[in-house]
Amino acid sequence: SSEAAKPPSRIDPRTADARALDALPGVGPALARRIIAAREAGLVIRRPEDLLRVRGIGPATLARMRDCLSFGAPTNRSATPPPR
């Protein structure tokens, strides 16, 4: 069994490197680079829908990768979690 054929467990698009992003369904090397470029340009990714702002990610691509995305603790340590 090839490791490339195995879907990733969960990928955090806010911190993942290009190799991890490339493993997401519907994402190839070029799109992985665009996600990283968008992050570096200041795109804040808090939820899956924020990825729709990356050129090349539309609703169908987002739907394919949604189950493989993880949004753990906020990356901005100065932010306080919203009250519950």
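**View 1. Buried residues of helix H2 in the predicted model.** In H2 (residues 29–40), the residues Leu 31, Ala 32, Ile 35, Ile 36 and Ala 38 are buried, meaning under 20% relative accessible area, with exposed being over 50% and partly exposed in between (1.4 Å probe, protein chains only). Seen down the axis of H2, these buried residues fall within an arc of 160 degrees, taken from the directions from the helix axis to the C-beta atoms, so they line one face of the helix. Helices here are DSSP runs (H or I) of at least four residues, numbered from the N terminus.

**View 2. The opposite face of H2 and its end.** The exposed residues Arg 33 and Glu 40 sit on the face of H2 turned away from its buried side. Gly 42, with a positive phi near 110 degrees, follows H2.

**View 3. The cover over H2.** Helix H1 (18–22) and helix H3 (59–65) are included in what covers the buried residues of H2, where contact means heavy atoms within 4.5 Å.

**View 4. The largest nonpolar core.** Among its 20 residues, Leu 21, Leu 24, Leu 51, Ile 57 and Met 65 touch the most other members; such a core is a set of buried Ala, Val, Leu, Ile, Met, Phe, Trp, Tyr and Cys residues joined through side-chain atoms within 4.5 Å. H1, H2 and H3 each supply at least two residues of this core, and H2 gives the most, with five.

Residues are numbered from 1 along each chain as its sequence is written, and side-chain values use heavy atoms, leaving out hydrogens and water. In this predicted model, local features need pLDDT of at least 70 and side-chain atom pairs count only at pLDDT 80 or more, while totals for chains, interfaces and linings use all residues.

Conventions: Expected span 1.5 Å × (residues − 1).
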